[in-house]
Amino acid sequence: MVCMVSRTGRHLQKYSKGRRLVVGCIPYRYKNGDHDIYDDDYELIEVLVVSSQKGERMMFPKGGWELDESVEEAASRESLEEAGVLGHVQHGLGTWSYKSKSREIYHEGYMFPLLVTEQLDLWPEKNSRQRVWMTVEEAKKVCDASWMKEALDKLVDRLSESRKQEEDVSPYFLS
């Protein structure tokens, strides 16, 4: 069962050294279900970006990490609430310190890849956000947060490296 209401408020949010802990995902899928990715061949991957609640910016789903959940649970929840997707949260891409757009404070952001397995027609923030599947290059153009672009580069590098490793091993199993 999927919860159709977003969590609100910051009274249950985690902080570290005065910084709000923020968790996000880069939801991705392979075009045509093809898991083959080659060097610099970004066209085979699509990523999902969402609009801010005010609709002024595009970004990857992210939000506060709450006291009653693991970092992976928080990442999955944010992807469901903001983008309406479910999937497999994978090994973290890293941690970034970034300045809040609305206040003179810093947040600590954790980003994870989310291999999407299901896209919902109804989700908690459907009426306040737009979601758009796009290529990696398109996402780099519309996402203005440099730390999210860095996370996206790390994801693409990881997927490319994984593909190279598969190619290096597979000839031994084909003979």
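The legends below describe close-up views of a predicted model.

**View 1**
Apart from neighbours within four places in sequence, the contacts of Gln13 are Arg20, Gly64, Trp65, Glu66 and Leu67.

**View 2. Two buried cysteines, Cys25 and Cys143.**
Cys25 has a relative accessible area of 0% and is buried. Cys143 is buried too, with a value of 1%. A disulfide is a covalent bond between the sulfur atoms of two cysteines. A search of the whole structure finds zero disulfides.

**View 3. Val23 in the largest nonpolar core.**
The largest nonpolar core holds 43 residues. Those that touch the most other members are Val23, Ile26, Tyr28, Val47, Phe60, Met111 and Leu152. Leaving aside neighbours within four places in sequence, Val23 is in contact with Pro61, Lys62, Gly63, Trp65, Val71, Ala74, Ala75, Glu78, Tyr110 and Phe112. One of these contacts, Glu78, also takes part in the salt-bridge network of the next view.

**View 4. Salt bridges around Arg77 and Glu78.**
The count for the model comes to seven salt bridges. A network of salt bridges links Glu69, Arg77, Glu78 and Glu81. Within this group, the side chains of Arg77 and Glu78 meet in a salt bridge, with N to O at 2.8 Å. Glu78 is buried, at 5% relative accessibility. Arg77 is likewise buried, with a relative accessible area of 12%.

**View 5. Arg129 with Glu82 and Glu125.**
Arg129 forms a salt bridge with Glu82, and the closest N and O atoms are 3.2 Å apart. This pair joins distant parts of the chain, 47 residues apart: Glu82 belongs to helix 1 (residues 71-83), whereas Arg129 sits in the loop between strand 8 (106-119) and strand 9 (131-135). The side chain of Arg129 also meets that of Glu125 in a salt bridge, at 2.5 Å from N to O. Arg129 is buried, with a relative accessible area of 8%. Glu82 is buried at 5%, and Glu125 counts as buried at 9% relative accessibility.

**View 6. Strand 9 beside strand 3.**
Strand 9 is mostly covered, with four of its five residues buried. Strand 9 pairs with strand 3 (residues 45-51) in the antiparallel sense, over five bridges. In this pairing, Val50 stands opposite Arg131 of strand 9. In a regular strand the side chains alternate between the two faces of the sheet.

Definitions and conventions
Residues are numbered from 1 along each chain as its sequence is written. This is a predicted model: local features need pLDDT of at least 70, side-chain atom pairs count only at pLDDT 80 or more; totals for chains, interfaces and linings use all residues. Side-chain values use heavy atoms; hydrogens and water are left out. Contact means heavy atoms within 4.5 Å. A disulfide is a pair of cysteine sulfur atoms within 2.5 Å. Buried means under 20% relative accessible area, exposed over 50%, partly exposed in between (1.4 Å probe, protein chains only). A nonpolar core is a set of buried Ala, Val, Leu, Ile, Met, Phe, Trp, Tyr and Cys residues joined through side-chain atoms within 4.5 Å. A salt bridge is a side-chain nitrogen of Lys or Arg within 4 Å of a carboxyl oxygen of Asp or Glu. Helices (H or I, at least four residues) and strands (E, at least two) are DSSP runs, numbered from the N terminus. Two strands pair if DSSP finds at least two bridges between them.
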